[in-house]
Amino acid sequence: MSDKSEKTEQPRLSVFKTYKLYVGGKFPRSESGRVYEVTDAQGRWLANAPQSSRKDARDAVVAARKAFGGWAGATAYNRGQILYRVAEMLEGRRGQFAREVADAEGLSKSRAAAAVDATIDRWVWYAGWTDKIAQVVGGGNPVAGPYFNLSSPEPTGVVTVLAPQDSSFLGLVSVVAPVIATGNTAVVIASERSPLPALSLGEVLATSDLPGGVVNVLSGRTAEIAAPLASHQDVNAIDLAGADEALAKELEIAAADNLKRVLRPQAVDDWAATPGIDRMTAFLETKTVWHPTGSLGASGSSY
Amino acid sequence: MASAFTSAFEYAPAPESRSVVDIAPSYGLFIDGEFTEAADGRVFKTVSPSTEEVLSEIAQAGEADVDRAVKAARRAFGAWSALPGAERAKYLFRIARIIQERSRELAVLETLDNGKPIRETRDADLPLVAAHFFYYAGWADKLDHAGFGSSPKPLGVAGQVIPWNFPLLMLAWKIAPALATGNTVVLKPAETTPLSALFFADVCRQAGLPRGVVNILPGYGDTGAALVAHPDVNKVAFTGSTAVGKAIAKTVAGSRKKLTLELGGKGANIVFDDAPIDQAVEGIVNGIFFNQGQVCCAGSRLLVQESIQEELLESLKRRLSTLRLGDPLDKNTDIGAINSEEQLTRITSLVEQGEAEGAERWSPACELPNAGFWFAPTLFTNVTQAHTVARDEIFGPVLSVLTFRTPDEAVAKANNTPYGLSAGVWTEKGSRILAVANKLRAGVVWSNTFNKFDPTSPFGGYKESGFGREGGRHGLEAYLDV
């Protein structure tokens, strides 16, 4: 009986969330044991986010490389289904993400909700691209000779993504979804100041049939995490969206060492605007496969 | 056996006449539509690799000349890019036609300056050069339909640095799409092969191309470095070694210059046990001995299925014994001269390293001329993946032979290099071709053929073989603001 009276007198103490990284389909803390304070736009404490180390970055690359073969080899139809599944999972957690985005970016409830809706719709948009991009950017070439050849796009491999600093969720998804839609795997560095929506996205991805390691989310100091990734010999490309000018140049120089594909930072006025296909083609290779047709064979017996 | 074949097929010499080409004793830089001396008066000599005869003395562009050429290209850019696409197209069609008209002259010139057989310049290089200009001419007024948005814009001044292995073809690969998209060009040909680019300047004159649209700056690596670093260059295109490509990528880092790189390779040519052996042998020979192996996409690693190794090697050795090495101007010559003494030294030292590391070296009986730079076609067997000759790009007529047992092993070995430019697959089984081609990390995969090129077909590398594609619709992207 006394329990009941206590409950009515004291407000319920909420359960804080321990935010963790998302690497290889698991949720580790930073191996360094470090965290940093994340605050809202007014400077109020929200949570402690893991402060990833170089080792975390390297672990994420190992996970992304391990996942690459399976993800790149999955059918485009299957990848599209999974990207759509991400949208489904997010739809069910709109409220949570609207709160997190509002806190992270200091937006009103309605504007944060609009940003989350746009983010969900972005997953749907890219879900529809997985089985179309090859037809748009590949094709048969009219060779002047007795040959048949086809050019097809293929994912470039492991892509490091420096998520935009200003748009913690819509911007994040706008740079991550195109990378994985085409079959690459990603090591993502969340917005340094507002990493929480990105870390929560990991929980959504983990329950969306996305194979572990396809997307790996790290939080911490962007420059510290990005440096070893830019020079990592097993990373094939880097998207510098979240780097300032000085950092971008430094990372681009490091990236030249194994000729990574580099997407330089581009000014984005409105993350909600319909993206073109550039963010997908930036991380695609074109493979041209030739074969004789025999159709012009001089001997008449070439086929 | 080898000598029997050689004597059975003996031909009388059939040299192409040199009189179709008139090489002046000296050439200047081509800037703003005129030939001009280098600002500091420097010159260098270009020699014929097959005889070491000095062909001509060439002005050597320095930093001041680079600046002058970039300024000329910048001045020309406004009018050139504003020209209706249909008019730009006509200039390119004119260039293509003039190249066809003068192709015999240009083929002989290229053979003299480069050392490659006339059979190749006449039958491969020149037809492809003309075809590239024809192909991109047609794009100039159709850019709205190329899939890069409704009004894709040119970038501005393109700084282009090309190698010595296909001097005129690499020029065509660079200049044709640049001009079609409305850019202007400053191009640096290689120091050992500047002549055909300077003759191209004359083609531009005949075509009535506006001054400044194409500028040619012969010189060494420092000229190229100055061009790449010039602050008023908007686009850098380079074909050459991976090491230089990395240095260029570092130079343009942090700038807004768009960059494409076509770099080295160590192409795997995979022969399965059901492959048509005779055709495969022809493909292997074409893959590594075309242009003396001085080809970035050369099939320099032969991966042969263990069960047919003996049979294949026997056929291959017999075929190599019939290759004719000698005067590149002779129409019967298969193997010409190595492009330069420096390159010959590099090939020689890598081959010696191969022997020292325990690989087994073989060459057919082969007499090398006394003058000039020559290297006999060479095979290495007993090669492992760790050997230098299986890892480093030799850029010469040297084939390393490795074996495999299963398709998976073939794929794993083929992909086991930092390069990713080309590969070959030989098998009669269609599903195997498609499955293996799918798994190879290479920009071009030739199945049951090798070393085929066409202006409609994108060409370029994965991994450290560079980025961007040349040829086809894809080749336009490098020169458009997209």
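Tutor: Helices (H or I, at least four residues) and strands (E, at least two) are DSSP runs, numbered from the N terminus. The model is predicted: local features need pLDDT of at least 70 and side-chain atom pairs pLDDT 80 or more, while totals for chains, interfaces and linings use all residues. Residues are numbered from 1 along each chain as its sequence is written, chains are lettered from A and ligands numbered from 1 in the order in which they are written, and side-chain values use heavy atoms, with hydrogens and water left out.

Student: What share of residues 31-262 of chain A is helix?

Tutor: An unreviewed UniProt entry annotates this span as "domain: Aldehyde dehydrogenase"; such annotations may be inferred rather than shown by experiment. Its end C-alpha atoms lie 28 Å apart.

Student: How is helix 4 of chain A oriented relative to helix 8 of chain A?

Tutor: Axes are lines fitted to C-alpha atoms, for helices over the stretch in contact, and angles run from 0 to 180 degrees between N-to-C directions. Helix 4 (residues 94-105) and helix 8 (residues 196-206) of chain A have axes 9 Å apart, at an angle of about 160°. Angles under 35 degrees count as roughly parallel, over 145 as roughly antiparallel, 65 to 115 as roughly perpendicular and the rest as oblique. Helix 4 of chain A is therefore, relative to helix 8 of chain A, roughly antiparallel.

Student: Which residues of helix 8 of chain A meet helix 4 of chain A?

Tutor: Contact means heavy atoms within 4.5 Å. Helix 4 of chain A contributes A:Gln96, A:Phe97, A:Glu100, A:Val101 and A:Ala104. Facing them in helix 8 of chain A are A:Leu196, A:Pro197, A:Ser200, A:Leu201, A:Glu203 and A:Val204.

Student: Why do B:Phe133 and B:Phe200 count as stacked?

Tutor: Rings of Phe, Tyr and Trp (its six-membered ring) pair if their centres lie within 6.5 Å; planes under 30 degrees apart count as stacked, over 60 as edge-to-face and the rest as tilted. The centres of B:Phe133 and B:Phe200 are 5.5 Å apart, and the pair is stacked because the planes are at 25°.

Student: Which residue of helix 7 of chain B is in that pair?

Tutor: The pair links distant parts of the chain, 67 residues apart. B:Phe133 sits in helix 5 (residues 118-139) of chain B, and the partner in helix 7 (residues 195-207) of chain B is B:Phe200.
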